[in-house]
Amino acid sequence: MTLKTTKTIYWIGASLTSLWFGTSGVCELTKNPIVWDITLQLGYPAYFIYVLGVAKLAGIVVLLIPNRWLRLKEWVFAGVFFDIIFAFCSKLIVIGPLATIDAIIAFGIVTITYLMFQKLYPTHYSNLTAI
């Protein structure tokens, strides 16, 4: 795979991830009834929904800034994965298997995006020393 192809796949994935989680974050901060009703139905407290919305929007800002804050981008990807996993498990247990389709799609998109991120910015730990 060429560098151009890797970058293209990464930016398409980062854009889709940002659109997905940005929309979700805005809906959480504006108390969109669809998002709020489902989140409350899953058993999460109202204050958590606001925190989640702020975290998603902050993460998207970090994700969309090119070639900067690479270590922080790793944390953003981790946060997004945790969000997807918790959403999947919560929906599976409380609502049922059909409600997990969005989490499965998001997981696929974010996984491919993260793999392309790793190809573009490989992590090197060669300077580590044993204590």
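Reader: Is Met 1 buried or exposed?

Author: Met 1 is exposed, because its relative accessible area is 62%; exposed means over 50%, buried under 20%, and partly exposed in between, with a 1.4 Å probe and protein chains only. Please note that this is a predicted model, in which local features need pLDDT of at least 70 and side-chain atom pairs count only at pLDDT 80 or more, while totals for chains, interfaces and linings use all residues. Residues are numbered from 1 along each chain as its sequence is written, and side-chain values use heavy atoms, with hydrogens and water left out.

Reader: How many salt bridges does the structure hold?

Author: Side chains of opposite charge can pair when their charged atoms come close. A salt bridge here is a side-chain nitrogen of Lys or Arg within 4 Å of a carboxyl oxygen of Asp or Glu. The search of the whole structure finds 3.

Reader: Which residues are linked in a network of salt bridges?

Author: Glu 28, Lys 56 and Asp 83 form that network. The closest N and O atoms are 2.9 Å apart for Lys 56 with Glu 28, and 3.9 Å apart for Lys 56 with Asp 83. Both Lys 56 and Asp 83 are buried; Glu 28 is also buried, at 3% relative accessible area.

Reader: How many disulfides are there?

Author: A disulfide is a covalent bond between the sulfur atoms of two cysteines. The criterion is a pair of cysteine sulfur atoms within 2.5 Å, and the structure holds 0 disulfides. Cys 27 counts as buried at 17% relative accessibility, whereas Cys 89 counts as partly exposed at 35%.
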